[in-house]
Amino acid sequence: MAAKIKRKMSNISLLHCFKFIFRSLMFIVALTLYIVNKVTAKDTEKLFGEIGSNTVVMIVIWLIFAVEVGFRFFPTKFESMGCQKQFKRNYLEPQNIVTPKPEKMSWKKTFTVAFLWILGNAVFGGLYLLGIFDYGILILLFFAYSVGDMICVLFFCPFHTWIMKNKCCNTCRIYNWDFPMMFTPLIFIPHWFSWSLVAISLALLIEWEVLYKLHPERFTENTNHNLRCANCTERACAHKKQLAAYIRKWNTEHKSDFPIKTYINPKLRRKLPKKNGKVKIEQ
């Protein structure tokens, strides 16, 4: 009999799904407005038409992202443990044992991520400064990064899989780098909208790095048991494993010559359902 695995999505995961859909819609709308304006060549200054240059629209978009960043500065139940572990409230010290030293996190890996991200975006910024790209491309890149941020949380994170090699989002060393990375293209656009978002995201990054330096024990699961699977309430990995099971089942049933590959941390693969298992997701 095929095994059935039922997983109810956590509130945090549902919020992430909403963000993914909402940010995707913003990106699609922005891309559509940009293409239409380019094709019709109506206005070389207002690259997103009248809607994109409307002050009210800009303020609403600014508030959406500014409020999201603002939540990260304080402990809140509306955010993932991965970006909240730096706070004392979320630190669970090991009981009945001598507190171990925090696991060492490779500075080379974090440096690699930072270097590659800065290098890649420097190319886009350089093309903009040379006049090859207009500022509309940088705005689209910002919206694309915002969608990519949710893809990393919900489906697949290249930084986690190929560079950092951490077990999951909860133990991610660079979780709160997401907003500074998201806003990187805006650095090249001199405007209150762009530079204010960059400024508050850099403040968030500084807070994260300072707390990591002062309290490294809060960032690793051997010293902070709130980061362990047993205490996880978000269950983001469970949904990624379910997705991997669906993909594996697809590959088995269709016997594709070009199978879709799954990227799940090897430490978690042993918990995946069998190939013929049926997976049911309840919401």
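**Reading a predicted chain: surface, helix and salt bridges**

Author: Phe-78 has a relative accessibility of 48% and therefore counts as partly exposed, a class lying between buried (under 20% relative accessible area) and exposed (over 50%), with a 1.4 Å probe and protein chains only. The model is predicted, with local features needing pLDDT of at least 70 and side-chain atom pairs counting only at pLDDT 80 or more, while totals for chains, interfaces and linings use all residues. Residues are numbered from 1 along each chain as its sequence is written, and side-chain values use heavy atoms, leaving out hydrogens and water.

Reader: Which residues make the nonpolar surface patch?

Author: Patches are built from residues with over 30% relative accessible area and no salt bridge, joining like charges within 9 Å and nonpolar side chains (Val, Leu, Ile, Met, Phe, Trp, Tyr) within 5 Å. Here Ile-59, Leu-63, Val-67, Phe-71, Phe-78 and Trp-192 form a patch of about 560 Å², an accessible area found by the Shrake-Rupley method with a 1.4 Å probe, where for residues only the protein chains shown count as cover. Helix α3 (residues 55–72) gives the largest share, four residues, whereas Phe-78 sits in the loop between α3 and α4 (107–129).

Reader: How many helices and strands are there in the protein chain?

Author: Helices (H or I, at least four residues) and strands (E, at least two) are DSSP runs, numbered from the N terminus. By that rule the protein chain has 10 helices and two strands, and of its 283 residues 42% count as buried.

Reader: What span should helix α1 have, and how far apart are its end C-alpha atoms?

Author: The expected span is 1.5 Å times one less than the number of residues. Helix α1 (residues 11–40) has 30 residues and should therefore span 44 Å, which agrees with the 43 Å between its end C-alpha atoms. Just after α1, Ala-41 takes a positive phi of about 55 degrees.

Reader: Which elements cover the buried residues of α1?

Author: Cover is judged by contact, meaning heavy atoms within 4.5 Å. The covering elements include α2 (49–53), α3, α5 (135–154), α7 (178–182) and α9 (236–254). One of the buried residues of α1 is His-16, whose relative accessible area is 3%. Apart from neighbours within four places in sequence, His-16 is in contact with Ser-80, Met-150, Val-153, Leu-154, Tyr-175 and Glu-234.

Reader: How many salt bridges does the count come to, and which residues do salt bridges join into one network?

Author: A salt bridge is a side-chain nitrogen of Lys or Arg within 4 Å of a carboxyl oxygen of Asp or Glu, and the count comes to eight. In one of them the side chains of Asp-149 and Arg-23 meet at 3.0 Å, N to O, linking distant parts of the chain, since Asp-149 is in helix α5 and Arg-23 in helix α1, 126 residues apart. Both Asp-149 and Arg-23 are buried. Glu-209 and Arg-173 form another, with closest N and O atoms 2.7 Å apart, and this pair joins helix α8 (residues 192–214) to the loop between α6 and α7. Glu-209 is partly exposed at 25% relative accessibility, while Arg-173 is buried, with a relative accessible area of 9%. Through shared partners, salt bridges join Lys-19, Arg-23, Glu-68 and Asp-149 into one network.

Reader: How many disulfides does a search of the whole structure find?

Author: A disulfide is a pair of cysteine sulfur atoms within 2.5 Å, and the search finds zero. Cys-169, for example, is in no disulfide, with the nearest cysteine sulfur, that of Cys-168, 6.6 Å away.
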